[in-house]
Amino acid sequence: MFYAIAVISIVTFIIFGIDKRKAVQHQRRIPESALLSLTFLGGTIGALLGMLLFRHKISKTSFLLKFGLIVLMQAVFMYYLSDFF
């Protein structure tokens, strides 16, 4: 499980970097839904690092709210999962 999360986080980090480069070059962007889906599927750490290191999507309130909701849902899931085991 750890390796799967590590891989999806690395992929998510790279995708955030690619999207930032496309934004700077005024090219067609990666949809926010794709970025948020990768985050939801376990790439939260990669997404957070990508947002901070690339300074990407940090001033867009709607994206930050959706990102925060995903993190909250993951935290609740982990809490209930830890009670289960």
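Visitor: What makes the lining of the largest pocket nonpolar, polar or charged in this predicted model?

Guide: The residues of that lining divide into 11 nonpolar, four polar and no charged; since Asp, Glu, Lys and Arg are what count as charged, none of these four kinds is found in the lining.

Visitor: Which residues lie nearest the centre of the largest pocket, and which elements give two or more residues to its lining?

Guide: Of the 15 lining residues, Met-1, Ile-5, Gly-42, Gln-74 and Met-78 lie nearest the centre, and the elements that give two or more residues to the lining are α1 (2-24), α2 (32-53) and α3 (61-84). The space in this pocket comes to about 380 Å³.

Visitor: Why is Thr-39 called buried?

Guide: Buried means under 20% relative accessible area, and Thr-39, which lies in helix α2, has a value of 0%, so it is buried. Leaving aside residues up to four places away in sequence, Thr-39 touches Thr-12, Phe-16, Thr-44, Ala-47, Phe-67, Ile-70 and Gln-74.

Visitor: How do you know that the span of α3 is close to what is expected?

Guide: The expected span takes 1.5 Å times one less than the number of residues; for α3, with 24 residues, 34 Å is expected, and the helix reaches 34 Å from its first C-alpha to its last.

Visitor: Which residues of α3 are buried, and what covers them?

Guide: Phe-63, Phe-67, Ile-70 and Gln-74 are buried in α3, and what covers the buried residues of this helix includes α1 and α2. An α-helix has 3.6 residues a turn, so residues three or four places apart point the same way.

Notes: Residues numbered from 1 in each chain as written. Predicted model: local features only at pLDDT ≥ 70, side-chain atom pairs only at ≥ 80, totals over all residues. Heavy atoms only, no water. 1 Å grid on protein atoms, 1.4 Å probe; cavity = no way out; pocket = protein on both sides within 12 Å on 5 of 7 lines; lining within 4 Å. Points joined across faces, edges and corners; volume = space filled by probe spheres on them. Helix = DSSP H or I, 4+ residues; strand = E, 2+ residues; numbered from the N terminus. Buried < 20%, exposed > 50% of the residue type's maximum accessible area, 1.4 Å probe, protein only. Contact = heavy atoms within 4.5 Å.
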